[in-house]
Amino acid sequence: MTARVAWIAAIVGIFCLRAAVSVEQAPSTSSGQARSTSSGQADPARAERLAWFHQAKYGLFIHWGLYAIPAGEWKGKRIPGIGEWIMNRARIPVGEYEQLAKQFNPVKFNAEEWVQLAKDAGMKYIVITSKHHDGFALYGSKVSKYNIVDATPFKRDALKELAAACAKHNMPLGFYYSQAQDWHDPNGAGNSWDFGPNDKKDFDKYLREKAEPQVRELLTEYGPVALVWFDTPQMMDAARAQRFTDIVRSLQPKTLIDGRLGAAGDYVTTGDNVIPPDVQSDAWEVPATTNHTWGYKTYDHDWKSPGQITFKLVDIVSKGGNYLLNVGPMADGVIPRPSQDLLRAVGGWLKVNGEAVYGAGPTPFGDELGEPSGKGAKDLRGQPLMLARTEWRVTTKPGKLYFMFFVEPRAPFELPAMKNTVKRAYRLADGAAIDTKVDGGRTYLNIERPILDPMATVIVVEIDGDRVIKGTN
Ligand code: JFZ
């Protein structure tokens, strides 16, 4: 069982635990302040750190580096799998792979344009790969010469420029950092084809001489860091993870730590593109691709549609989570047009309907999410197989329910049972009033058909009282 599968199993394990959480226990306030940390004890500082995260909901992930040059091909052969793993998948000797640095010259890189794209897309934070598994740093590191300033003809510090553009636009910036895997370092994890098996390496030497000092650089020379996105915690035990936690907490106490450090972070990180079947009580985030790779590949054109992305975003927010959606810029520094167009299309929907997403709380109901398929069918995690329903989703704010229809609702639309009285209902996009009628203790919405926006139409239902009281009158 490869380390990667073992590791995925670990992540999945985390979710069965959480999936056990029933809807009722869902956090009440839109800020979703979980009552306990993933390590159990109450931590007001953590809740404070998470406040912006719970407001933001939707972020831009950027996987960029030397792997954008081969872009999925090596010596004329297409290498299957995610593009940023090409050195591993093709077992490229480090001496050969590092030569790519001499070709890395992204003259079209424009940090301002990247931040503007995130804003146009309705994304509220950015996370970029400062160093991925291949060990190459996208900033001027004094710890390792294997970086964009010292090893390439480009010589510019991309993270310095991005940090400046983000500061100018008040865009929170986070750094992805591969703390464990480093295929360039003889003692880093993961490169068995040049340096042999992990357990023969002086891993702590690599951590002390490269990873920890580089994380310090990122937290001391690039302004406020919104979060550090650690990943694939091979060989990371509690003591090693604690050293990174101490570095982050001591240098920038407000900085969030994701769920892949190798110890409890500030929030849970799901598996890639894994959306849990129901509401999760703790803060969580889904890292997701717009096609089937994180790093740019020339021949992966299987892009998700704006409708699919909008549904996934709303589905995730209605379950209490955040959506971190990725782009893989090309080697010249330009983000592929199809992914730009896709993000801007979703951004257009958010310009009109963002009130139902930013800072919104999860569904107080749950039947709309799906039901166990019955017949004892189990999913990968051994949990009752959930047959997802996708007709509509709902998010909440005090006194308001945001029903989002992705297909034509039954007419009239029967609201889920609740003791609250419906004060009024209207279409968010244009404020158009929606007739309501009460019959047999249930409230019905007379939603005009066809629905206004096929991407998703939002109907706001104002109720008496801040929160839904479930049950019938
Ligand atoms: C990791 C990286 O290996 C990959 O290159 C990318 O950066 C991605 C965001 O994260 O890949 C993973 C990590 C964990 C899981 C799947 C892919 N998982 O838990 O299912």
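Angles under 35 degrees count as roughly parallel, over 145 as roughly antiparallel, 65 to 115 as roughly perpendicular and the rest as oblique. Helix 10 and helix 11 are therefore oblique to each other, and their axes come within 9 Å and cross at roughly 55 degrees. Welcome to a short tour of this predicted model, where local features need pLDDT of at least 70, side-chain atom pairs count only at pLDDT 80 or more, and totals for chains, interfaces and linings use all residues. Residues are numbered from 1 along each chain as its sequence is written, and side-chain values use heavy atoms, leaving out hydrogens and water.

**Helix pairs**

- Axes here are lines fitted to C-alpha atoms, for helices over the stretch in contact, with angles running from 0 to 180 degrees between N-to-C directions.
- Pro-306, Ile-309, Thr-310, Leu-313 and Val-314 of helix 10 meet Leu-342, Ala-345, Val-346, Trp-349 and Leu-350 of helix 11, where contact means heavy atoms within 4.5 Å.
- By class, this contact of helix 10 with helix 11 has 9 nonpolar, 1 polar and no charged residues (Ala, Val, Leu, Ile, Met, Phe, Trp, Tyr, Cys and Pro count as nonpolar, Asp, Glu, Lys and Arg as charged, and the others, Gly among them, as polar).
- Helix 8 (residues 203–220) packs with helix 9 (residues 238–251) at an angle of about 20 degrees, their axes 10 Å apart, which makes helix 8 roughly parallel to helix 9.
- The residues in the contact of helix 8 with helix 9 divide into 9 nonpolar, 1 polar and 6 charged.

**Two buried helix residues**

- Leaving aside residues up to four places away in sequence, Thr-310 touches Val-346, Trp-349, Phe-406, Met-455 and Ala-456.
- Val-94, in helix 4 (residues 94–97), is buried with a relative accessible area of 15%.
- The C-alpha atoms of Val-94 and Asp-185 are separated by 9.1 Å, although these residues are 91 apart along the chain.

- Four strands form an open sheet in the order 13-14-19-16, with antiparallel pairing; two strands pair if DSSP finds at least two bridges between them.
- Strand 13 (392–397) and strand 16 (422–427) are the edge strands, each pairing on one side only.
- Strand 16 pairs with strand 19 (residues 457–463) in the antiparallel sense over 5 bridges, and Arg-427 stands opposite Ile-459 in strand 19.

**Backbone features to look at**

- Most residues other than glycine have a negative phi, and most peptide bonds are trans.
- A cis peptide bond joins Ala-411 and Pro-412, with omega about -10 degrees; another joins Arg-449 and Pro-450, with omega about -5 degrees.
- Ala-71 has a positive phi, near 50 degrees, and is buried with a relative accessible area of 1%.
- Lys-75 also has a positive phi, near 50 degrees, but is exposed, with a relative accessible area of 67%.

Terms used: Buried means under 20% relative accessible area, exposed over 50%, partly exposed in between (1.4 Å probe, protein chains only).
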